[in-house]
Amino acid sequence: MRAEGFWRLGCSRGGMIVNSLSLCYHNKLILAPMVRVGTLPMRLLALDYGADIVYCEELIDLKMIQCKRVVNEVLSTVDFVAPDDRVVFRTCEREQNRVVFQMGTSDAERALAVARLVENDVAGIDVNMGCPKEYSTKGGMGAALLSDPDKIEKILSTLVKGTHRPVTCKIRILPSLEDTLSLVKRIERTGIAAIAVHGRKREERPQHPVSCEVIKAIADTVSIPVIANGGSHDHIQRYSDIEDFRQATAASSVMVARAAMWNPSIFLKEGLRPLEEVMQKYIRYAVQYDNHYTNTKYCLCQMLREQLESPQGRLLHAAQSSREICEAFGLGAFYEETTQELDAQRAKLSARTSEETREPAEDTSGVIKMAVKFDRRAYSAQITPKMCLLEWCRREKLPQPMYETVQRPVDRLFSSIVTVAEQKYQSTLWDKSKKLAEQAAAIVCLRSQGLPEGRLGEENPSLHKRKREAPDQDCGGSRAQELAQPGELCKKPFVALGSDEESPLEGW
């Protein structure tokens with residue numbers, strides 16, 4: 001069978017075409033998971049050049065489990081965002097049916113929680129059981145799992161039973177062929193869809209020859225698709241070499257790592273494209289999808305390799321921003337145009353959101369809610385929403401506002417409810433600190449009453465006439481003591497959600 005025809009066949013079982021949403025691992029060209037390389041721009045570039053399936057970089061379960069899923073309307077992406085606002089994983093509709101999420105894990109329940117978090121945005125779930133680097137093996141992840149078959153079986157079985165996406169794993173070979181075959185047969189029994197095999201032992205590195213014969217023995221032993229990996233050093237320099245490597249290993253598919261990192265057009269059957277063209281295309285994706293410049297720079301350095309000492313390589317090495325990277329590759333005008341478009345889109349969405357959040361909505365629990373956050377930059381240093389609300393309550397001879405704040409254990413974010421005149425108000429957005437959450441709750445109350453909230457440019461004469469109070473001091477005056485109900489003065493309870501509370505992970 002010709003190489004160019006082999007990769008494009010559909011996957012079928014018993015003459016029936018498998019639903020495209022159920023990822024097929026037969027006859028596929030696959031971009032391997034590579035730390036710092038397998039981010040969205042590289043994955044999209046690999047798809048452009050002919051890859052059938054793309055794996056993201058290994059992402060650790062403990063980091064992912066803290067993330068919130070956020071729809072990014074500016075970039076048209078789905079982002080999984082850490083509590084520090086860092087985007088841990090970003091994907092888009094273009095790759096939804098072809099991206100496999102690879103996680104590092106050593107715990108079955110955590111692995112399942114992460115799988116349920118991402119399963120609606122990816123095509124498959126993979127567990128890294130082959131990476132020999134310390135960042136992966138510490139904590140019993142990566143290649144460390146190879147010495148614990150019981151844990152491997154538990155993790156994979158739990159994922160297969162608990163997620164709607166096909167589950168795979170990526171392993172390295174063991175010191176003996178007998179042990180390797182025993183392990184893969186046990187892995188197959190968990191019900192996974194395919195197994196990727198890096199044909200080297202845990203302690204071996206790229207300069208060691210890849211063991212095609214061991215991968216072949218595995219392919220002959222199991223009935224599920226075997227994905228051959230590890231051929232970049234000795235076997236794969238051009239497109240036709242991929243099919244040669246597949247035949248040498250008798251594998252169903254081939255996963256390419258470093259050869260694709262050096263030039264993603266390795267997947268193109270017409271042959272490698274000039275590196276300058278490939279890098280420019282990569283940079284365009286990086287800018288369009290707001291990739292952090294340090295990651296963009298790292299991937300470009302891997303492509304340049306021996307050309308890092310060239311004039312362009314020196315410019316890249318000196319670049320300290322996405323703008324400077326673009327200028328080094330003659331894409332300065334593209335950068336300016338694209339960033340202006342993104343900024344305009346952000347401004348449009350921000351204006352729309354601001355308008356929408358001024359309309360209160362009351363839920364069935366009687367709490368009035370809005371999606372608002374306290375942005376300190378939009379307020380005077382001397383006046384905050386909490387101060388405005390407290391002053392209003394004093395003028396209206398109402399008890400002082402009461403704040404009840406909870407912290408969510410999974411991501412350590414805060415939410416606060418303020419009670420004023422027996423009515424509760426809350427922001428639907430969780431915040432980084434207790435103080436910010438309380439300010440947001442105060443904003444909801446003020447906006448629902450049509451009251452000034454202390455934003456720059458707003459007039460609130462009564463506050464300006466009073467002696468300046470500390471921003472978070474709600475109860476320092478005798479007048480407040482007179483108006484407060486017994487036992488309410490300075491009462492600002494803080495509650496941490498316990499194990500008996502509803503967990504945000506439930507239902508993921």
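Asp 343 is partly exposed, with a relative accessible area of 46%. Here partly exposed means between the limits for buried (under 20% relative accessible area) and exposed (over 50%), computed with a 1.4 Å probe on protein chains only. Arg 346 is also partly exposed, at 33%. These two residues form a salt bridge, and their closest N and O atoms are 3.0 Å apart. A salt bridge is a side-chain nitrogen of Lys or Arg within 4 Å of a carboxyl oxygen of Asp or Glu. Asp 343 and Arg 346 stand 3 residues apart in helix α15 (residues 332-356), which puts about one helical turn between them. Helices (H or I, at least four residues) and strands (E, at least two) are DSSP runs, numbered from the N terminus.

The model is predicted: local features need pLDDT of at least 70 and side-chain atom pairs count only at pLDDT 80 or more, while totals for chains, interfaces and linings use all residues. Residues are numbered from 1 along each chain as its sequence is written, and side-chain values use heavy atoms, with hydrogens and water left out.

The structure holds 23 salt bridges. Three of them are listed here.

| Salt bridge | N to O distance |
|---|---|
| Asp 121 and Arg 69 | 2.8 Å |
| Asp 343 and Arg 346 | 3.0 Å |
| Lys 373 and Asp 431 | 3.2 Å |

In the pair of Asp 121 and Arg 69, Asp 121 belongs to the loop between α4 (108-118) and β10 (124-129) and Arg 69 to strand β6 (residues 68-72), so the pair ties together parts that are 52 residues apart in sequence. Asp 121 is buried, at 8% relative accessible area, whereas Arg 69 is partly exposed, at 44%.

Lys 373 is partly exposed, at 43%, and Asp 431 is buried, at 5%. Elsewhere, salt bridges with shared partners join Asp 48, Arg 94 and Lys 281 into one network.

The largest nonpolar core has 117 residues, of which Met 64, Phe 101 and Ile 195 touch the most other members. Such a core is a set of buried Ala, Val, Leu, Ile, Met, Phe, Trp, Tyr and Cys residues joined through side-chain atoms within 4.5 Å. Helix α4 gives the largest share of this core, 8 residues. A second, separate core of 24 residues includes Leu 389, Trp 392, Ala 441 and Leu 451.
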